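Please open the structure in a viewer and keep the selection tool at hand.

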Amino acid sequence: VWSADISLDSIGSKANEPIRSRGTILAIDIRYTNIHPWSYGQDIEYEYVVKAYENADFKAAVSHDIYDQSTLELLSRVAMQKYGIKFIIVQTGTLGVFDFNILLLQLAAGMALLGIANSITEILALYCLPEKELYRAAKVTHTEDFSDLRKQLDESGGYQKSASEKGATVADDKSND
């Protein structure tokens with residue numbers, strides 16, 4: 001109550017009765033946060049904001065029936081008006097932390113799902129759809145065979161072998177001796 005800066009004996013503007021006699025409503029807003037980029041082990045920060053609703057009364061009407069135990073006859077009814085403080089508590093905030101393992105897991109799952117989507121699309125296009133022959137022809141682009149061109153360039157000296165290819169050739173030549 002002191003957080004809302006009210007006193008139970010204070011008199012509000014709505015009635016000439018103190019809050020103790022008419023009740024009131026307090027809203028407590030709890031705001032959490034722990035968003036600290038690239039840091040671990042940070043404590044969760046929180047803040048309480050307490051607000052008293054002006055001119056808000058809170059009462060509950062309760063009635064009790066008193067019966068005779070042997071005849072179950074209604075003997076009397078007691079009606080009571082109860083006044084008090086109603087607390088409305090709302091929690092809000094942002095909680096989170098970066099985890100590299102979760103990032104890798106999500107990337108792997110995404111790649112797997114893309115692969116599955118690609119396979120399903122390919123199966124549908126090549127085997128199920130009416131234009132499957134056109135799709136099959138368009139899927140692969142045939143190029144000319146470059147082995148003859150490589151052979152001509154190698155014989156004319158226009159083709160330079162890489163170091164690994166030269167090493168393999170020297171090793172092959174030594175093994176033939």
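Two strands are said to pair if DSSP finds at least two bridges between them. Helices (H or I, at least four residues) and strands (E, at least two) are themselves DSSP runs, numbered from the N terminus. The model is a predicted one, in which local features need pLDDT of at least 70 and side-chain atom pairs count only at pLDDT 80 or more, while totals for chains, interfaces and linings use all residues. Residues are numbered from 1 along each chain as its sequence is written, and side-chain values use heavy atoms, with hydrogens and water left out.

**The whole chain**

Begin with the entire chain in a cartoon view. Five helices and five strands make up its secondary structure, and along the sequence they follow the pattern α-β-β-β-β-β-α-α-α-α. Of the 177 residues, 9% count as buried (under 20% relative accessible area; exposed means over 50% and partly exposed in between, with a 1.4 Å probe and protein chains only). Next, show the surface. The accessible surface comes to about 14,600 Å², and 57% of it belongs to carbon and sulfur atoms; such areas come from the Shrake-Rupley method with a 1.4 Å probe, and for residues only the protein chains shown count as cover.

Select residues 24-33, 45-52 and 85-94, which are strand 1, strand 2 and strand 5. They form an open sheet with the order 2-1-5 and mixed pairing. Strand 2 and strand 5 are the edge strands, each pairing on one side only. Strands of a sheet pair through backbone hydrogen bonds, either parallel or antiparallel. Here strand 1 runs parallel to strand 5, joined by 10 bridges, and antiparallel to strand 2, joined by eight bridges.

Now select Thr 33. Then select Ile 25, which stands opposite Lys 86 in strand 5.

**Inside strand 1**

Keep strand 1 selected and colour it by accessibility. Seven of its 10 residues are buried, so strand 1 is largely enclosed by the rest of the structure.

**An exposed glycine**

Move to Gly 93 in strand 5. Gly 93 is exposed, with a relative accessible area of 54%. Select Tyr 32 as well: Gly 93 and Tyr 32 are 61 residues apart in sequence, yet 4.4 Å apart in space from C-alpha to C-alpha.

**The hairpin**

Select residues 59-67 and 74-83, which are strand 3 and strand 4. These two strands pair in the antiparallel sense over nine bridges. Val 62 has Met 80 in strand 4 as its bridge partner. The hairpin has six residues between its strands. Within that loop, select Leu 72. This residue is not a glycine, although its phi is positive, at about 55°. At 63% relative accessibility, Leu 72 counts as exposed.

**Two crossing helices**

Select residues 100-128 and 132-139, helix 2 and helix 3. Two packed helices are described by the angle between their axes and the distance between the axes. The axes of helix 2 and helix 3 come within 6 Å and cross at roughly 120°. An axis is a line fitted to C-alpha atoms, for helices over the stretch in contact, and angles run from 0 to 180 degrees between N-to-C directions.

Helix 2 and helix 3 are therefore oblique to each other; angles under 35 degrees count as roughly parallel, over 145 as roughly antiparallel, 65 to 115 as roughly perpendicular and the rest as oblique. To see the contact, show Glu 122, Ala 125, Leu 126 and Tyr 127 in helix 2, which meet Lys 132, Tyr 135, Arg 136 and Lys 139 in helix 3.

**The last stop**

Finally, select residues 147-156, helix 4. Of the 10 residues of helix 4, the number buried is zero, so helix 4 lies largely in the open. Gly 157 follows helix 4 and has a positive phi, near 85°.

Definitions and conventions: Contact = heavy atoms within 4.5 Å.
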